[in-house]
Amino acid sequence: MAETDALSATREAYDAVAALYAERFRDELRNRPLDRAALSAFAETVRASGDGQVADLGCGPGHVTAHLHASGLPVFGVDASTAMVASARRSYPDLRFDVGSMTALDIGDGALGGVLSRWSVIHTPPHELPPVLAEFHRVLAPGGHLLLGFSASEDAAHPTQVFDHAVAPAYRWWPDHLAAMLRRSGLAEVARIVREPQPADLRQFREVHLLARKAPTRPA
Ligand SMILES: C[S@@+](CC[C@H](N)C(=O)[O-])C[C@H]1O[C@@H](n2cnc3c(N)ncnc32)[C@H](O)[C@@H]1O
């Protein structure tokens, strides 16, 4: 698939801030117990469902990829920004990071036990999201899990809202709306964690970690 204007703009914007971003977010999970809980539940669920590899799609500087690796998952990162991938490789030289896009992944059908997309689909314009979710479904093995992190929109009447992100145009979603899109892509919701905005947060948005599963193959 040809790179869309939105993806080119996002990639160039993250190329420009990769070093700053890595510095700012390297240790962010330390103060984010609910994110760690979501990642830990994801890791345990993926392990319990089989041995498949896990991809952190839109991995940025790789700190979350490294966190999953430390929890014992066979994980690699993919990001559209070459500068982000270079930064991740420098910080975590023992881990694998590839340049690539969620819109057309260089990953085989059913190759993965898990997909993490943490605040990376926020930069996908709403009309471009269904093909991205279809890619997540394609690369997951039957029974594989997706953990999707995103910011919530205000209410059901505004299922998607553009927001003022510091790096690139971004969108937030009404959680039920995104869960329904996932369901239409063949990914059924398993659970969600919704974190209310906290006074110290940069943005006063609810944050959502949504765990979904591709249907397992039925026994013959
Ligand atoms: C807000 S950062 C999140 C980084 C990391 N997942 C984290 O939790 O900190 C968004 C990242 O998604 C990447 N990204 C956005 N759209 C992408 C796409 N279509 N394919 C691959 N990476 C993408 C950006 O380059 C950027 O590194």
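This is a predicted model: local features need pLDDT of at least 70, side-chain atom pairs count only at pLDDT 80 or more; totals for chains, interfaces and linings use all residues.
Start with the ligand. It is surrounded by 20 residues, and the closest are Tyr-14, Gly-58, Asp-79, Met-102 and Arg-118. Sorted by class, this shell holds 9 nonpolar, 9 polar and 2 charged residues. Two helices, α1 (5-25) and α3 (63-70), each bring at least two residues to the shell. Helix α1 gives the most, with 4 residues.

Met-102 has a backbone N or O atom 2.9 Å from a nitrogen atom of the ligand. The backbone of Ala-80 also takes part, with a polar atom 3.2 Å from a ligand nitrogen. With Ser-101 it is the side chain that reaches the ligand: a polar atom there lies 3.3 Å from a nitrogen atom of the ligand. As for how much of the ligand is covered, it exposes 600 Å² when taken alone, and the protein buries 97% of that.

Now for the rings. A pair of aromatic rings is described by the distance of the centres and the angle of the planes. Searching the whole structure turns up 4 aromatic pairs. In one of them, Tyr-21 and Phe-25, the ring centres are 4.3 Å apart and the planes meet at 35 degrees, so this pair is tilted. Both residues belong to helix α1, where Tyr-21 and Phe-25 are 4 residues apart, or about one turn of the helix. Tyr-21 has a relative accessibility of 22%, so it counts as partly exposed; the cut-off for buried is under 20%. Ring pairs also tie Tyr-14, Tyr-21 and Phe-25 together into a cluster, and Tyr-14 is one of the residues closest to the ligand.

Another pair is made by Phe-163 and Phe-205. Here the ring centres are 5.1 Å apart and the planes are at 75 degrees, so the pair is edge-to-face. This pair links distant parts of the chain: Phe-163 sits in strand β6 (residues 160-163), while Phe-205 sits in the loop between β8 (187-195) and β9 (207-214), 42 residues apart. Phe-163 and Phe-205 are both buried.

The charged end of Arg-172 sits over the Phe-205 ring, 3.7 Å from its centre.

Terms used. Residues are numbered from 1 along each chain as its sequence is written. Side-chain values use heavy atoms; hydrogens and water are left out. A residue is near a molecule or strand if one of its heavy atoms lies within 4 Å of it. A polar contact is a pair of N or O atoms within 3.5 Å; within protein, one must be able to donate a hydrogen and the other to accept it, and residues adjacent in sequence count only if both atoms are side-chain atoms. Accessible areas come from the Shrake-Rupley method with a 1.4 Å probe; for residues, only the protein chains shown count as cover. Ala, Val, Leu, Ile, Met, Phe, Trp, Tyr, Cys and Pro count as nonpolar, Asp, Glu, Lys and Arg as charged, and the others, Gly among them, as polar. Rings of Phe, Tyr and Trp (its six-membered ring) pair if their centres lie within 6.5 Å; planes under 30 degrees apart count as stacked, over 60 as edge-to-face and the rest as tilted. Buried means under 20% relative accessible area, exposed over 50%, partly exposed in between (1.4 Å probe, protein chains only). A charge sits over a ring if NZ of Lys or CZ of Arg is within 6 Å of the ring centre and within 35 degrees of the ring normal.
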